[in-house]
Amino acid sequence: MTLNIDVTLSAQTPSTRVTFAEDGRQEQVVTASPLPDRWVYDFRTNTATGMYSLDESSAELEQTFTKLAEQWRNETAHLSLAGEKANSFAYHQIMAMGPRVLPLIFRELEATTSDWFWALRAIARDKAPVIKPEDRGRVRRIAEIWMDWGKQNGYVSG
C-alpha cells in the first residue's frame, strides 16, 4: 500500500488530498490553516494524521506565546472563574494565533490541566472533542479528553 500526499493550495482555502490506497479509492481532503508540517500514516486504522511541529523558524511564535501567556497569568491571577480569565486581551491574542499555537497550549495543558479549554475550543471550533455531561466540571478528565484529541490530531507527540 502506498501513501500519496498531494498538497494543493488555493487562494481561499488551503487543502490537502491524502490518498491511502494504490487504486485511489480511499482518500481524505483535509483543510487546515496552516497545513500540517508532515503526515503520519497508521496502517491499523488506515488513517493519515497531519503533524504540526515547532521548528526553529517557529521560535518567534513560541516567544510570543510565552510572553502573552505570562501576561495573561499576571493579569488574571486574582480571578477564579475560567470565563473571566478567558476574557483577557492577551488570551484573545493567543487564540488568534490559531492552530500553529496548539502544540504550545497542549504543553501548557500537561503542566497546568486547566485554563486552556476556552482557547482550545475556540481554535478547534467544530473539530473540538465532545465533553459528555457527566464529565463537565471534572477538570482532570476534560484535560485528558483534550490531550487525547491533541495526540489524535498531531499536536501532541507520543
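Biologist: At what angle do H1 and H3 pack, and how far apart are their axes?

Modeller: H1 and H3 pack at an angle of about 150°, and their axes are 8 Å apart. An angle over 145 degrees counts as roughly antiparallel, so H1 is roughly antiparallel to H3. Please keep in mind throughout that this is a predicted model.

Biologist: What is the hand of the crossing between H1 and H3, and which residues meet there?

Modeller: H1 passes H3 in a left-handed crossing. From H1, the residues involved are Phe 65, Leu 68, Ala 69, Gln 71, Trp 72 and Glu 75, and they meet Ala 90, Tyr 91, Gln 93 and Ile 94 of H3.

Biologist: Is Ile 94 buried or exposed?

Modeller: Burial is read from relative accessible area, and a residue under 20% counts as buried. Ile 94 has a relative accessibility of 0%, so it is buried. This residue belongs to helix H3.

Biologist: Which residues are in contact with Ile 94, leaving aside its neighbours within four places in sequence?

Modeller: They are Phe 65, Leu 68, Ala 69, Val 101, Ile 105, Trp 116 and Ile 123. Consider Leu 68 in particular: it stands 26 residues from Ile 94 along the chain, yet their C-alpha atoms are separated by 6.8 Å.

Biologist: How does H1 stand to H4?

Modeller: The axes of H1 and H4 cross at roughly 45° and come within 10 Å. H1 is therefore oblique to H4. H1 passes H4 in a right-handed crossing, whereas H1 passes H3 in a left-handed one. Leu 61, Glu 62, Phe 65 and Arg 73 of H1 meet Leu 104, Ile 105, Arg 107 and Glu 108 of H4.

Biologist: Which residues of H4 are buried, and what do they pack against?

Modeller: The buried residues in H4 are Leu 102, Pro 103, Leu 104, Ile 105, Phe 106, Glu 108 and Leu 109. They pack against H1, H3, H5 and H6. With H6, the packing angle is about 145° and the axes are 11 Å apart. The crossing of H4 and H6 is left-handed. There, Leu 102, Phe 106, Leu 109 and Glu 110 in H4 meet Ala 143, Trp 146, Met 147, Trp 149 and Gly 150 in H6.

Biologist: Where do the buried residues of H5 fall when one looks down its axis?

Modeller: One begins by listing the residues. In helix H5, which spans residues 117-124, Phe 117, Ala 119, Leu 120, Ile 123 and Ala 124 are buried. Seen down the axis, they fall within an arc of 160°, so they line one face of the helix. Their cover includes helix H3 (89-96), helix H4 (102-112) and helix H6 (139-152).

Biologist: Let us turn to Thr 76. Is Thr 76 buried or exposed?

Modeller: Thr 76 has a relative accessible area of 5%, so it is buried. Its place is in helix H1, which covers residues 59-76. A polar atom of the Thr 76 side chain lies 2.7 Å from the backbone oxygen of Trp 72. Setting aside residues up to four places away in sequence, Thr 76 touches Lys 85 and Ser 88.

Biologist: In which helix is Lys 85, and what does Lys 85 touch?

Modeller: Lys 85 is in helix H2, residues 82-85. Its relative accessible area is 15%, so Lys 85 is buried as well. Not counting residues up to four places away in sequence, it touches Trp 72, Thr 76, Leu 79, Tyr 91 and Asp 115.

Methods. Residues numbered from 1 in each chain as written. Predicted model: local features only at pLDDT ≥ 70, side-chain atom pairs only at ≥ 80, totals over all residues. Heavy atoms only, no water. Helix = DSSP H or I, 4+ residues; strand = E, 2+ residues; numbered from the N terminus. Buried < 20%, exposed > 50% of the residue type's maximum accessible area, 1.4 Å probe, protein only. Polar contact = N/O pair within 3.5 Å; in protein donor to acceptor, adjacent residues only side chain to side chain. Contact = heavy atoms within 4.5 Å. Arc of directions from axis to C-beta. Axes fitted to C-alpha atoms, helices over the stretch in contact; angles between N-to-C directions. Parallel < 35°, antiparallel > 145°, perpendicular 65-115°, else oblique. Left-handed = near helix turned anticlockwise from the far one by under 90°.
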